[in-house]
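Notebook open, viewer loaded. I'm jotting things down as I look them up.

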Amino acid sequence: MRKRDHIKKLDSIFFTDQEDPRTYSLSNQFAEHLEFELVKDKITVTEDDAYYALSLAVRDRLVRKWLRTQNEYYENDVKRVYYLSLEYLMGRLLGNTLINMDLYEECYKILKKDGYSLEQIRDFENDMGLGNGGLGRLAACYLDSMATLELPAFGYGIRYEYGIFEQEIENGYQVEYADSWLTGGNPWDIMRKELTFRVKFYGKVVKTENEDGSYKFDWIDTEDVLATAYDVPVPGYKNETVNNLRLWRARAPKDFSFKEFNVGNYVASVATKNSSETISKVLYPNDSYVEGKFLRLKQQYFFVSATLQDIIRKYKVSHNDFDNFAKKTAIQLNDTHPVVAIPELMRILIDEEKLSWTKAWNITKNTFAYTNHTVVPEALEEWSLPLFKELLPRHTQIVYEINRRFIEKVKKNYTTDEKIISRLSIISEANGGVVRMANLAIVGSFAVNGVAALHTEIIKKRIFYHFDKIYPDKFINVTNGITPRRWLKTANPFLSKIITEKIGDNWIYDLYDLRNLEQYVDDEEFKESWRSAKWLNKRILVDYIERDTGLKINPESIFDVQIKRFHEYKRQLLNVLHVITLYNRIKQNPKLDMAPRTVIFGGKAAPAYQMAKLIIKLITAVGDVVNQDKYVKDLLKVIFLKNYSVSLAEKIIPASELSEQISMAGLEASGTGNMKFALNGALTIGTMDGANIEIREEVGEENIFIFGLLADEIVKQRENAYKPIKFYESNADLKQVIDMIASDYFNKSEPGLFKPIVDSLLGEDYYFLLADYQSYIDKQDEVSKTYKDVDGWTRKSIYNVARIGKFSSDRSVKEYAEKIWKVHPIKINKGY
């Protein structure tokens, strides 16, 4: 039976004439899930039940489109894109799914009829704990765009039982708790128990010679884990395409040992199960310990091994050999985490499929493409060679051979300089030996891309200079983007409504259409509506802040926001220095003529990153002093919103007016938070770093606040022995701020607590905060002055939205499809 006929048969099995899926209402499906799935009636049903039943009803609609989409891909034997990412920051799915499927109004009415609010029901959904920062959110945006653009694409990742962690602030300190996002179940994923693959670790490799003189490699005595697939449907916007995010859960080959149990070894009886399932237990285990390093590499290999087995399974449905594998398959490696897929595909092709090295390598290097996300050399992922060899002995052999052949070509065609060769080598023998995953990715991929124009230039000219000379056509740029469906249409319905009323809704498909807003910058009625949308969003956030923190916020103040992962290079500390400067000015002159300001922070620090956690403590300590000072009144407030997430960002960003993008120039690869803020009408204060540069080019330098040293200037200052103490000694305001931190002004109960911060600033100041301080303060003063000009600020806000079209993830994904993947849209015809 052909797959298309199989789908038609499914329709006849599951639907009678009276229950045609074209007329079977969502309301009926909602009611039936409440009754038959959750076993609830009108008396016992809760709001959480309503959320779950509605999600299941919507998922039913998704599944039918999903089946047809996959069938179409098989029928046409299309080239497919496989996006491999160790994290996906999906957020909550219900709202975005309803928008994409054009079911929002229908669901609103269904719930209202039963006495529920759809907005309140959406809050019962947990954010999916599959990601941490910008890397994961980018991956989620790209999944949305791939489906909207009708591309045959699939995401692969791990179904973590626990997310990065749930952040609490206790006595001003970050405290981590388990993010149990799967508590209560997940209505969106579908277990595919028939899709279970065996993944091997440890063991040894036995080499035997064949009769023809070739060699056979057997990886034996391994410790095995099973990977079971869970599928999350990903719908495109108002089309019939539903693509798939496939997540792997780790299971033991045998859950329980009766032998151990019967002799009283109760812990040992389930030890194998617990050890195996740890692999998909938590996102990013603490790798400051050897055990954590093993677990993290296990996660990476587990996920890519299961994924490649599944990709090959799908390929074999229509093909009997591997001659067309690279023509039908494009695998995008999102950062270095999935790069072990390169030697894994070689292992499968050589050891299991019996291809020659030459043919296997030709397939592999034409299948993979690699996205680099960092410009910091020390952040490029490396694995201890002894650890890599112990966990993956066969892959170690393959990596050595890839490297040997690569170095031979380098010596023959490029250079014999040993220093250069040492930097190019995939394997470094220094310090016990390491495997350089970025080098492996470049050698084993047909394309390497940066994620912003400056970032790409830095990796070509500085980080991977010699690789770029060896492979002059391999490095390209694809600037990051964000999906307007979630970050404007779903997150900001007030602004979306007034935009659509003026220019129509085609901007949801083509963000460049926002340019049409420019004709209304002098329309007084439109500008008043624009300000009203921002005011409504600010009121929503004020209510949330008051519930979360108990603090009263002045809604007339400028909402100055920095929400992102905590890292020293992102320079949340520079923002704190400005806050203390403002505080000092107010204390010196309580009648100071300044725009009132509410400074909002949010973000998580890695559990082992002590300096980042100390900066969070400093922020909360400064906030305690400022917020309780009666002389400050409503002029200044400092807020730290705990447990930053996608759903929290959707509350904060629409209400924001100033976007802090203040990383040290030359360190932020791109950033996507800057794009989300601009899309929602916030003005940016930032350095010439990452995508800030391209945003400035698009919105105009008069509509953005740029400050600080340029990347090249920082390099020169570092080469000339930068001395931060000179800035401290020559700037009275800066000196006062640092002295206050050093003297425990903000934390008298724990003397010396912030000494590491002061020592870092006055010693090395690696991220040039003191060098950029005065430039930042001056630009913030300009912000304050501009904000007082209500009409001028509104015009700048409109221009930011109108000119942000370039930063749609649809544009990014189109560039990937055209420049790298060479795939085309596949139209899915409307079914039942």
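This is a predicted model: local features need pLDDT of at least 70, side-chain atom pairs count only at pLDDT 80 or more; totals for chains, interfaces and linings use all residues.

Which residues of strand β21 (residues 683–686) are on one side and which on the other, and are they buried or exposed? I checked each face: Leu683 and Ile685 sit on one side, Thr684 and Gly686 on the other, and all of them are buried. So both faces of β21 are covered, given that buried here means under 20% relative accessible area. The general rule I had in mind is that side chains in a regular strand alternate between the two faces of the sheet.

**Neighbours of β21.** I followed the pairing next. Strand β20 (residues 658–661) runs parallel to β21, joined to it by four bridges. Leucine 658 faces leucine 683 across that pairing.

**The whole sheet.** I traced the order as β19-β18-β17-β20-β21-β22, an open sheet of six strands with parallel pairing. At the edges I found β19 (636–641) and β22 (705–706), each pairing on one side only. I then looked at the β19 end. Strand β18 (residues 597–602) is tied to β19 by six bridges, and the two run parallel. Isoleucine 600 is set opposite isoleucine 639 of β19.

**Helices on that sheet.** Helix α25 (residues 610–628) packs on the sheet and touches β18 and β19. I get about 140° between its direction and that of β19. Helix α26 (residues 646–655) also packs on the sheet, with β17 (558–563) and β19 as the strands it touches. The direction of α26 makes about 140° with that of β17.

**A second sheet.** I moved on to an open sheet of three strands, ordered β12-β14-β13, with antiparallel pairing. Its edges are β12 (382–384) and β13 (427–428); each has a single partner strand, so one side of each has no neighbour in the sheet. I counted two bridges in the antiparallel pairing of β13 with strand β14 (residues 434–436).

**Aromatics.** How many aromatic pairs does the structure hold? The count came out at 30. I picked tyrosine 816 and tryptophan 821: their ring centres are 5.1 Å apart and their planes lie at 20°, so I logged the pair as stacked. Tyrosine 816 and tryptophan 821 are both buried. Elsewhere I found one aromatic cluster made of Tyr73, Tyr82, Phe154, Tyr156, Phe197 and Trp248.

**Charges over rings.** Lysine 538 lies over the face of phenylalanine 559, 4.5 Å from the ring centre. Arginine 718 puts its charged end over the ring of tyrosine 766, at 4.1 Å from the centre.

**Zooming out.** I left the totals for last. The C-alpha trace spans about 90 × 75 × 65 Å along its principal axes. I compared the radius of gyration with the rule for a compact globule: 832 residues would give a value near 28 Å, and the protein has 28 Å, so the two agree. Buried residues make up 59% of the 832. Finally I looked at contacts between residues at least 6 apart in sequence, and 77% of them join residues at least 24 apart.

Technical notes: Residues are numbered from 1 along each chain as its sequence is written. Side-chain values use heavy atoms; hydrogens and water are left out. Rings of Phe, Tyr and Trp (its six-membered ring) pair if their centres lie within 6.5 Å; planes under 30 degrees apart count as stacked, over 60 as edge-to-face and the rest as tilted. Buried means under 20% relative accessible area, exposed over 50%, partly exposed in between (1.4 Å probe, protein chains only). A charge sits over a ring if NZ of Lys or CZ of Arg is within 6 Å of the ring centre and within 35 degrees of the ring normal. Two strands pair if DSSP finds at least two bridges between them. Contact means heavy atoms within 4.5 Å. Axes are lines fitted to C-alpha atoms, for helices over the stretch in contact, and angles run from 0 to 180 degrees between N-to-C directions. The radius of gyration is taken over C-alpha atoms; the globule rule is 2.2 Å times the number of residues to the power 0.38.
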